[in-house]
2 protein chains.
Amino acid sequence: MSPTEKRALEEGADFAPRFDAQGLIVCVTTEAITRQVLMVAYMNQLALDKTLETGEAHYWSRSRQSLWRKGESSGQIQRVLSLSVDCDQDALLLEVEPQGDGGACHTGRKSCFYRKLKGGRLVFVE
Amino acid sequence: MSPTEKRALEEGADFAPRFDAQGLIVCVTTEAITRQVLMVAYMNQLALDKTLETGEAHYWSRSRQSLWRKGESSGQIQRVLSLSVDCDQDALLLEVEPQGDGGACHTGRKSCFYRKLKGGRLVFVE
């Protein structure tokens, strides 16, 4: 990437998400009101388009290799309040308002990050 | 993965980070005190080991293909207050206390997520 391209990517107003070799971009999803990180997932162009079109988070399920409308079965629809991109446009950040029970994790917990490392072991914080 | 293995991964106390085919795991870094998402980066086993050993965030630079002690040149050392792992252990979350000028982004801004998408264009929020 030339210095001019780098500058456009980092300081420009053009949204130019850089999908990886698999056509995916990582997405961090936070609860808008508390700023809690709820989950990390991936989008492809289709999931991103659907997210922008509907205002509800869509991801690409790498395990199922299919479009994943978050909350379709669980009711944990994520209303998107904002979408940000990082400096080099290879990561996205969503601020959402979770619907349904307010959670995001398939294990029944609010956030997927429910374990902290302490002394070499994982301790449950939720 | 068998149901037993899945259960151990999701409900166990063993820290078993799942690095990808390139030996990397994605890491979301937040400022502990404000919960602001500062950046998204990657760790390999070495970077993770160094982070745990020193209490300071280390990443793996994919562009430079080298260990990256965050803040080594910028002074933006990240003191790690906690490290969490997500349900299927393929993403990490750090809560840090940024040193130096308190920022994390190489562009001089506090967070790498300084642009929000509005009406198809990026708007600077920092």
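Trainee: Is Arg18(B) buried, partly exposed or exposed?

Mentor: Burial is read from relative accessible area, where buried means under 20%, exposed over 50%, and partly exposed in between (1.4 Å probe, protein chains only); Arg18(B), with a relative accessible area of 33%, is partly exposed. Keep in mind that this is a predicted model, in which local features need pLDDT of at least 70 and side-chain atom pairs count only at pLDDT 80 or more, while totals for chains, interfaces and linings use all residues. Residues are numbered from 1 along each chain as its sequence is written, and side-chain values use heavy atoms, with hydrogens and water left out.

Trainee: With which residue does Arg18(B) meet in a salt bridge?

Mentor: A salt bridge is a side-chain nitrogen of Lys or Arg within 4 Å of a carboxyl oxygen of Asp or Glu; here the partner of Arg18(B) is Asp90(B), at 3.9 Å from N to O. The two lie 72 residues apart, Asp90(B) in the loop between strands E5 (78-85) and E6 (91-98) of chain B, and Arg18(B) in the loop between helix H1 (3-11) and strand E1 (25-31) of that chain, where helices (H or I, at least four residues) and strands (E, at least two) are DSSP runs numbered from the N terminus. Asp90(B), at 15% relative accessibility, counts as buried.

Trainee: Which residue forms a salt bridge with Arg18(A)?

Mentor: Asp88(A) does, the closest N and O atoms being 3.5 Å apart, and Asp88(A) is partly exposed at 23%. Salt bridges that share partners join Arg18(A), Asp88(A), Asp90(A) and Arg62(B) into one network.

Notes. Chains lettered and ligands numbered in written order.
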